[in-house]
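Please look at the model before reading on.

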Amino acid sequence: MDKELLLYNYFSNQLTAEQERAFNDLLDTDADFKAQFLFEKDLQQAIRKKENQELKSKLQGFEKNIQAKSAVPRTNARFRPWSVAASITMLIAIGWFAYTSLLGTSNQDLYDAYFEPYPNTVYTITRSDGNQTLERAAFVAYESQDDDRAAELFLEAGATIAHGNFYLAQVLLRLNRNEEAIELLAQSILEDSTFEAEANWYLALAYLKENDTESATEVLERQVSQYDFKKVKAQELLDSLR
């Protein structure tokens, strides 16, 4: 498999499940590949740090100019000191908001960057398939991202759909029903060995979405120490949270 393509897809967050397995194998077995990966990772972090520092300097300079300007007296008869002071305060607040938004990555930002719906690997859907079961309908809705319909069907089917809780949790996350998703993912970890590692990864993301950094960190540490699935991504997320 093309090593350069693997690196490119990793840094653009486009690795397929097969590519991720190959990527992890190369990290464990190919010293040159691992060295190249670490070099490119450090380079990207250095670039982001430099850009963040430049942005911070610009915003700080902008705020100083506003504060200096506010100290200059005016004699205009229509001048209202309180309105200018309020405008300056608002501009400084906007500047600070931009600074914190751009320099500090929120848990929601991290969730948005790392969340990808898990593909349907349970039920193969073909056009010639005339089987009109509840399971088929649920996975058709899942694949088409008709989330309200998918949630309704998975809930109606209950335990009759193999691994249904895991896929229902995906849908609930997209519907912002995070607490329900967390409960189902925790249940999947305990009861569904086929998707144990995957459920653990999505549980960490669910906690991020709920802004529960402590729980997310704990689950990510378990992902790194116990599972191969998304191991590299989990470590990357941990580094971002620390």
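## Conventions

A polar contact is a pair of N or O atoms within 3.5 Å; within protein, one must be able to donate a hydrogen and the other to accept it, and residues adjacent in sequence count only if both atoms are side-chain atoms. The model is predicted: local features need pLDDT of at least 70, side-chain atom pairs count only at pLDDT 80 or more, and totals for chains, interfaces and linings use all residues. Residues are numbered from 1 along each chain as its sequence is written, and side-chain values use heavy atoms, with hydrogens and water left out.

## Aspartate 30

Aspartate 30 sits in the loop between helix H2 (17–29) and helix H3 (31–70). Helices are DSSP runs (H or I, at least four residues), numbered from the N terminus. Aspartate 30 counts as buried because its relative accessibility is 15%; buried means under 20% relative accessible area, exposed over 50% (1.4 Å probe, protein chains only).

The side chain of aspartate 30 makes a polar contact with the side chain of lysine 3, at 2.5 Å. A polar atom of the aspartate 30 side chain also lies 3.0 Å from the backbone nitrogen of phenylalanine 33.

## Nonpolar cores

A nonpolar core is a set of buried Ala, Val, Leu, Ile, Met, Phe, Trp, Tyr and Cys residues joined through side-chain atoms within 4.5 Å. The largest has 49 residues; Phe154, Leu185, Trp201 and Leu205 touch the most other members. Its largest share, 10 residues, comes from H10. A second, separate core has 11 residues, among them Ala22, Phe23, Leu26 and Phe33.

## Exposed phenylalanine

Phenylalanine 39 is in helix H3. Its relative accessibility is 52%, so phenylalanine 39 counts as exposed.

Methods. Helix = DSSP H or I, 4+ residues; strand = E, 2+ residues; numbered from the N terminus.
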